[in-house]
Amino acid sequence: MSEFQFTGGHTPEPDKADNTPVEQPVEMPVEQPEDISSEENVFDFSQLCADKISAQNSIDSDADSTPYEPASAPKKPAKRKKKKGNPVAVLIKILAILIAAILLAMGIILAMRDYLGIGKNEVVTLTVEQGMTTTQIAELLRDNNAISHPLFFKIYSKLKGYDGTYRAGVYQFNSDKGYDGIVAELQKGNNYATATVKIPESATVDDIIALLEENDVCTKQEFLSAMKDDYQYDFIKYIPIETVRYKFEGYLYPDTYEFFKSDVKNSAHLAIDKMLSNFNAKLPDNYLELVENLNKQYPDIETATGKITFNDVMSIASIVSLEANGFPDEASNVAAVFYNRLCWDEPKYLGSTPTYNYPDNRYNTNAPDDNDKTKDGYEGLPPGAQCNPTIDSIMGALQPTKNFKATYFVTDSDMKFYYNTSYKAHINTINDLKRKGKWA
């Protein structure tokens with residue numbers, strides 16, 4: 001395109017009063033522009049506008065799809081959609097809460113019943129020893145059915161500040177007193193008279209009654225009546241009460257005891273329970289298993305029931321006690337002799353001389369005596385124990401010496417035991433002892 005002069009406005013008119021001739025401008029040749037009226041040089045303004053509008057719409061469209069965010073502004077995290085809960089898991093949680101609530105409620109109910117003594121109504125007699133802790137006293141109360149939950153009593157005692165205020169002594173009270181009443185009793189320091197009584201090994205029920213009467217514990221009638229009471233020990237169910245002379249003969253454990261005297265209510269019952277409890281504590285936990293082992297050891301044994309029972313074991317143990325009292329190392333050998341005699345082909349007389357003395361002829365285990373018909377023996381095992389043995393004799397009867405074949409035994413004047421497998425050898429041993437001056 002050729003250059004041209006652009007005046008940028010109109011030329012002012014010359015002052016009319018000025019007659020100075022005006023210099024005429026020199027006309028410069030001006031290059032004529034190209035003919036814009038031609039078809040190819042025509043400017044399409046409408047197309048330009050359309051292009052502008054299209055471009056703007058494109059920008060607006062991009063703006064709508066991707067919102068503008070300043071570069072410096074942090075992006076907001078996208079919101080996570082909440083997952084719907086597993087209905088089974090929710091149900092389990094609800095059940096767990098309900099169970100926990102129920103257990104809590106039950107605990108509170110049990111604690112309140114124990115605290116108030118609800119459901120309890122029995123005379124409790126117990127001894128609090130010097131130096132016993134609250135824990136020991138709580139367990140003592142539980143063992144004597146005064147309370148059911150030692151932990152609750154310990155918490156109660158701690159919260160009330162009673163720890164260390166309980167006094168040693170002998171107490172007797174009704175279990176329905178509840179915690180408050182029990183604490184009041186234990187803080188008094190009451191004492192009841194007691195008697196120290198030694199029950200020797202092999203003592204019979206009659207012997208024990210005589211000792212208790214002598215020490216003012218109870219009368220014979222009170223004792224016999226108390227033997228009919230209920231006592232909560234598992235072994236009692238194996239006693240054939242209808243066939244034995246005394247229900248607890250064999251089970252009143254020989255030991256030294258501190259019994260309450262007769263001024264304490266139910267003193268006979270308490271004395272019996274203490275001896276039975278001692279027997280139960282001495283008895284091995286697997287005693288029934290040991291009885292079954294005996295039946296395997298002696299498959300040909302002859303008894304009233306056709307097999308060895310726990311009552312049979314106690315019968316043997318009582319005879320072992322009469323024969324080997326004070327010689328525990330011989331207990332298992334002596335027991336084996338009696339088991340062997342119950343298996344042999346000869347008449348099943350055990351032949352124990354001390355059994356003569358029991359006041360019921362059914363317990364005499366010796367062969368018939370032609371000179372004294374009142375001493376005619378009882379063949380086989382007696383119906384029950386004939387005395388009260390210690391644990392040494394009981395274990396000897398539960399675990400007799402294995403593969404021990406002897407069927408006879410005697411003792412000399414020094415209580416040395418001699419065993420034989422035949423009657424002839426047995427008689428020879430006796431004659432030999434007589435010659436030596438050792439026959440008792």
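The model is predicted, so local features need pLDDT of at least 70 and side-chain atom pairs count only at pLDDT 80 or more, while totals for chains, interfaces and linings use all residues. Residues are numbered from 1 along each chain as its sequence is written, and side-chain values use heavy atoms, without hydrogens and water.

**Helix 13**

- Helix 13 covers residues 423-436. Helices are DSSP runs of H or I with at least four residues, strands are E runs of at least two, and both are numbered from the N terminus.
- At 1.5 Å a residue, its 14 residues should span 20 Å, and the end C-alpha atoms are 20 Å apart, which agrees. The expected span is 1.5 Å times one less than the number of residues.
- His 426, Thr 429, Ile 430 and Leu 433 are its buried residues. Buried means under 20% relative accessible area, exposed over 50%, and partly exposed in between (1.4 Å probe, protein chains only).
- The cover over these buried residues includes strand 5 (408-411) and strand 6 (417-420).
- Lys 424 and Arg 435 are exposed on the face turned away from the buried side.

**Nonpolar cores**

- A nonpolar core is a set of buried Ala, Val, Leu, Ile, Met, Phe, Trp, Tyr and Cys residues joined through side-chain atoms within 4.5 Å.
- The largest core has 66 residues, and Phe 223, Phe 235 and Tyr 339 touch the most other members.
- Helix 10 (residues 310-324) gives the most to this core: eight residues.
- A second, separate core has 18 residues, among them Ala 138 and Phe 173.

Technical notes. Contact means heavy atoms within 4.5 Å.
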